[in-house]
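Subject: Handing over the two-chain model

Hi there,

Here is the structure I promised to pass on to you. Have a look at it first, and then read on for what turned up.

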Amino acid sequence: MTQSRLPRPPRRRALALAVVAVLAGGAVLAESGTVLKDTPLRSEPLASASEVATLKARETVEITTRKGAWAGVKTPAGAEGWARILNLRTGSGVAATASGAQLASVFATGSSGTTVSTGVKGMSAEQLMSASPDAGQVAMLDGYAVATGDASQFASQVPLSAQRVAYLAQERGSRRRDR
Amino acid sequence: MKPSNYLAGLLALALSAPAGAFGRLGSAEDLLNLGQRASKATQEITEQDEIELGRGIAANVLGAAPLVADPELQRYVNRVGLWVAMQSERPGLPWRFGVIDSTDVNAFAMPGGLILITAGMYDRLRDESELASVLGHEIAHVVQRHQVKAIQGAMGREFATEMAGEMAGGSNNELVRRFGDKAFRAGTEVLARGLDKKDEYDADSRGMVLAARAGYNPFAMAGVLQTLDSANASDKSVALLFSTHPTPASRIERLEAAVGEKLDPYAGQPSPGRMYRPKK
């Protein structure tokens with residue numbers, strides 16, 4: 001393989017720098033988000049909080065933080081507030097802030113900056129279908145299983161406590177929508 | 001025998017085949033008898049059938065990518081996964097969770113409660129609540145028997161005629177082996193080809209509910225889907241996941257429509273700060 005003599009495009013260089021920054025400092029970089037549908041930008045992560053602005057569908061914003069059902073966002077116009085997290089996507093193909101700086105993609109960098117994978121194995125459909133079964137690996141999987149008491153105890157350390165939550169009605173298709 | 005009963009018998013036989021195979025072929029005759037019995041009654045895939053089927057499919061997946069050799073990681077994922085699964089309608093299944101050594105980003109659920117997540121996916125999770133969301137989605141597939149239903153469909157379509165011919169000749173042992181292999185292969189193919197899109201949307205919303213039941217912030221699912229959404233569609237590491245699932249953006253939109261503010265009361269729990277990261 002030969003190295004390209006051309007200078008790297010600036011966007012890629014910026015991304016590389018961002019990756020280095022993450023690895024070096026563990027800093028959390030903002031992500032680029034795109035608004036899926038018109039939604040209020042609120043002053044607090046609460047439905048009852050005052051409305052700072054209205055985010056328009058397809059508007060690009062910066063996602064600075066995540067909290068429960070909300071994402072902290074910054075608009076190109078400089079407005080800051082909270083939007084419902086399920087009204088945002090991140091795959092707009094537009095990955096620039098108002099200032100033009102490249103934002104980090106969690107996908108590209110990984111959240112941890114580390115990897116548990118030692119291999120470079122892919123998992124294509126063909127590779128799945130042509131694999132030879134490995135019963136020894138299934139036995140190993142059995143060996144890692146834990147007892148329910150262990151799982152409960154581990155949960156209680158945090159603590160996580162079990163809640164009663166009903167499944168949601170299926171949207172469209174199987175049932176008529178509630179009015 | 002009516003064709004439908006006959007097919008049911010074949011299927012019962014196939015799903016009854018023990019995964020570790022065919023080391024105990026002595027039971028082949030029992031299995032064949034069971035298959036014939038089942039064909040006369042209302043067809044039911046038993047829980048034991050599901051478990052054996054799942055183990056056979058898992059052997060194939062693990063043949064493609066083995067478990068990451070990190071017992072602490074594997075135990076951590078089992079503790080989180082089982083806690084979520086215990087909040088489901090099938091807490092008593094022999095649940096197994098594993099991280100497999102692949103840089104691809106994906107997760108697989110096998111019938112009977114075996115769930116595998118790739119290292120590439122694990123690495124991209126922000127915290128334990130996101131892990132609980134991914135596992136919750138896979139647990140929902142198992143609880144709803146999405147894969148079993150897909151396998152039944154595939155077996156019916158592709159193998160009924162062929163198997164009917166083979167049943168006339170050949171030994172029982174041979175028959176059980178071939179049925180087993182075909183069932184496991186059909187199950188692996190379901191993972192390679194994907195489920196019905198509506199099953200994926202369904203598993204997303206049920207996964208959120210399961211995570212909430214386990215005490216996690218259910219909206220961590222949004223973070224996972226946004227991570228997937230930020231992947232370049234031409235990235236090979238997401239090729240299989242993208243070809244077998246609806247787009248991340250449509251999944252986010254469906255969740256917003258289904259969830260609204262209904263799960264807000266459970267959104268307040270901060271993620272446990274103990275996500276296991278391998279030591280370097």
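To begin with chain A: 28% of its 179 residues are buried. Please keep in mind throughout that this is a predicted model. The secondary structure of chain A amounts to five helices and seven strands, and from the N terminus the order of these elements is α-β-β-β-β-β-β-β-α-α-α-α. If we take the contacts in chain A between residues at least 6 apart in sequence, 53% of them join residues at least 24 apart.

Most residues other than glycine have a negative phi, and most peptide bonds are trans. Here are the exceptions I would look at:

- The peptide bond that leads from Val158(A) to Pro159(A) is cis, its omega being near 0°. Pro159(A) sits in the segment after helix 5 (148-156) of chain A.
- Arg58(A) is not a glycine, yet its phi is positive, at about 75°. You will find Arg58(A) in the loop that links strand 3 (51-55) to strand 4 (60-67) of chain A.

Is Gln163(A) buried, exposed or partly exposed? With 17 C-beta neighbours inside 10 Å, Gln163(A) falls in the partly exposed class. Leaving aside residues up to four places away in sequence, Gln163(A) touches Ala212(B), Arg213(B), Gly215(B) and Tyr266(B). Within chain A, Gln163(A) and Ser48(A) are 115 residues apart along the chain, and 24 Å separates their C-alpha atoms.

That brings us to the contact between the chains. How many residues does each chain bring to it? Chain A gives 64 residues and chain B gives 86. On the side of chain A that touches chain B, strand 7 (88-89), helix 2 (106-109), helix 3 (125-130), helix 4 (135-143) and helix 5 each supply at least two residues. By class, the residues on that side of chain A are 32 nonpolar, 24 polar and eight charged.

One helix pair spans the two chains. The axes of helix 4 of chain A and helix 3 (residues 47-64) of chain B come within 8 Å, with a crossing angle of roughly 110°. These two helices are therefore roughly perpendicular, a class that covers 65 to 115 degrees. From helix 4 of chain A, the contact uses Ala135(A), Gln137(A), Val138(A) and Leu141(A), and from helix 3 of chain B it uses Arg55(B), Ala58(B), Ala59(B) and Leu62(B). Sorted by class, this contact has six nonpolar residues, one polar and one charged.

Inside chain B there is another helix pair to look at. Helix 6 and helix 9 (residues 197-213) of chain B pack with their axes 7 Å apart, at an angle of about 125°. The two are therefore oblique to each other, and their crossing is right-handed. Among the residues that make this contact are Gly136(B) and Ala140(B) of helix 6 and Gly207(B) and Ala211(B) of helix 9 of chain B. The contact of helix 6 with helix 9 of chain B has seven nonpolar, six polar and two charged residues.

Finally, chain B has an open sheet of three strands in the order 1-3-2, with mixed pairing. Strand 1 (96-100) and strand 2 (107-110) of chain B stand at the edges with a single partner strand each, so one side of each has no neighbour in the sheet. From one strand to the next, the twist averages 15°. Strand 1 and strand 3 (residues 114-118) of chain B pair in the parallel sense over five bridges, and Gly98(B) has Leu116(B) of strand 3 as its bridge partner. Helix 6 of chain B packs on this sheet and touches strand 1, strand 2 and strand 3, its direction making about 30° with that of strand 2 of chain B.

Over to you, and happy exploring!

Best wishes

Definitions and conventions. Residues numbered from 1 in each chain as written. Chains lettered and ligands numbered in written order. Predicted model: local features only at pLDDT ≥ 70, side-chain atom pairs only at ≥ 80, totals over all residues. Helix = DSSP H or I, 4+ residues; strand = E, 2+ residues; numbered from the N terminus. Buried ≥ 20, exposed ≤ 12 C-beta atoms within 10 Å, placed from the backbone. Contact = placed C-beta atoms within 7 Å. Axes fitted to C-alpha atoms, helices over the stretch in contact; angles between N-to-C directions. Parallel < 35°, antiparallel > 145°, perpendicular 65-115°, else oblique. Left-handed = near helix turned anticlockwise from the far one by under 90°. Nonpolar A, V, L, I, M, F, W, Y, C, P; charged D, E, K, R; others polar. Pairing = 2+ DSSP bridges.
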